[in-house]
Amino acid sequence: MSEADWTVPGVDTEVATPARMYDYYLGGKDNFAADRDAAEKVLKNMPKVRAFARANRAFLGRAVRAMAAEGISQFLDIGIGLPGPGGTVASALAARPDAHVVGVDNDPIVLAHARARPVDAGAGAATIVAGDLRDPAAVLADLRMRGVLDFERPIGVMLIAVLHFVGDDEDPYGIVNTLMDAVAPGSFLALTHVTGDFDQERLAVSAQAYEKSTAKLTVRSAKETAAFFDGRELLEPGVVLLPRWRPDGAVPADADDIWMYGALGRKS
């Protein structure tokens, strides 16, 4: 599909967005020149970013399967991004054909894509709604979302590669607590986060590529990432680099080059 096909009225396609840059890293085609230019600046400094994106997508699938194995059939993915193989909707419906999924995003292109290509969820349900992680109260009040998810039953809350676009001055820990306070006991929190623990200087250079996008990048340490799970049961193996979180096979040789943490926690 050409760029002209995806030009949505009122959308400034000259400004990169994290969702479309991520699509580009994964080899997708739902992105614009501004997204590709910004992504290429990151790749020039950190060629392994494409591997980050693939590891992030693989973690998502493993986390969804882990939650489904624990009886979770409802998923709320905030910052869901553009659809693709191994995404939340596909992973949830593969694990639980009766799954109900709500994806939330603030990128108009993501929302336009959802309207143009609705998901056939079979016995389950999949809905994409407009919302911003930085306003969790509005997300939780969304009537379409409330019509799909039953907040009296456990929900898998997914914050995949999105919290590093929430600055320290925007109360990221308060945002997570607001979301988790709203869901039933037995709910899960799954998240991934970019870290500067291994090469702060290089990450700082890459973060500059996001300065002119719709969201700036804030990297956090393992300790800071683990703090998102305060008051919740952190499942084994805890906060680890993505390839080390319950791998399907052997841990890949380049696991320590994937500078993103992932973890899964349960609300008691």
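These are legends for a set of close-up views of a predicted model.

**View 1. Helix α1 crossing helix α2.** Here we're looking at α1, residues 18–25, and α2, residues 33–45, whose axes come within 9 Å and cross at roughly 65°. The crossing is right-handed. On the α1 side, the contact is made by Arg 20, Met 21, Tyr 24 and Tyr 25. On the α2 side, look for Asp 35, Arg 36, Ala 38, Ala 39, Glu 40, Val 42 and Leu 43. Sorted by class, that contact has 7 nonpolar and 4 charged residues, with no polar ones.

**View 2. The largest nonpolar core.** This core has 52 residues. Which of them have the most contacts inside it? They are Met 21, Tyr 25, Met 67, Phe 75 and Leu 264. Two of those names, Met 21 and Tyr 25, also turn up in the contact between α1 and α2. Elements giving two or more residues to the core include the helices α1, α2, α3 (49–69), α4 (88–95) and α5 (108–116). The top contributor is α3, with 11 residues.

**View 3. Around Met 67.** Leaving aside residues up to four places away in sequence, what does Met 67 touch? The list is Ile 72, Phe 75, Gly 156, Met 158, Phe 188, Ala 190 and Leu 264. Phe 75 and Leu 264 are, like Met 67, among the residues with the most contacts inside the largest core.

**View 4. Two positive phi values in one loop.** Most residues other than glycine have a negative phi. In the loop between β4 (156–160) and α8 (172–182) sits Ala 161, with a positive phi near 55°. Asp 171 lies in the loop between β4 and α8 as well, and its phi is also positive, near 60°. Are these residues buried or exposed? Ala 161 counts as buried because its relative accessibility is 18%, under the 20% cut-off. Asp 171, with a relative accessible area of 46%, is partly exposed.

**View 5. A cis peptide bond at Pro 237.** Most peptide bonds are trans. The one running from Glu 236 to Pro 237 is cis, with omega near 10°. To find the spot, go to the loop between β6 (233–234) and β7 (240–241), where Pro 237 is placed.

Methods: Residues numbered from 1 in each chain as written. Predicted model: local features only at pLDDT ≥ 70, side-chain atom pairs only at ≥ 80, totals over all residues. Heavy atoms only, no water. Helix = DSSP H or I, 4+ residues; strand = E, 2+ residues; numbered from the N terminus. Buried < 20%, exposed > 50% of the residue type's maximum accessible area, 1.4 Å probe, protein only. Axes fitted to C-alpha atoms, helices over the stretch in contact; angles between N-to-C directions. Left-handed = near helix turned anticlockwise from the far one by under 90°. Contact = heavy atoms within 4.5 Å. Nonpolar A, V, L, I, M, F, W, Y, C, P; charged D, E, K, R; others polar. Core = buried A, V, L, I, M, F, W, Y, C linked by side-chain atoms within 4.5 Å.
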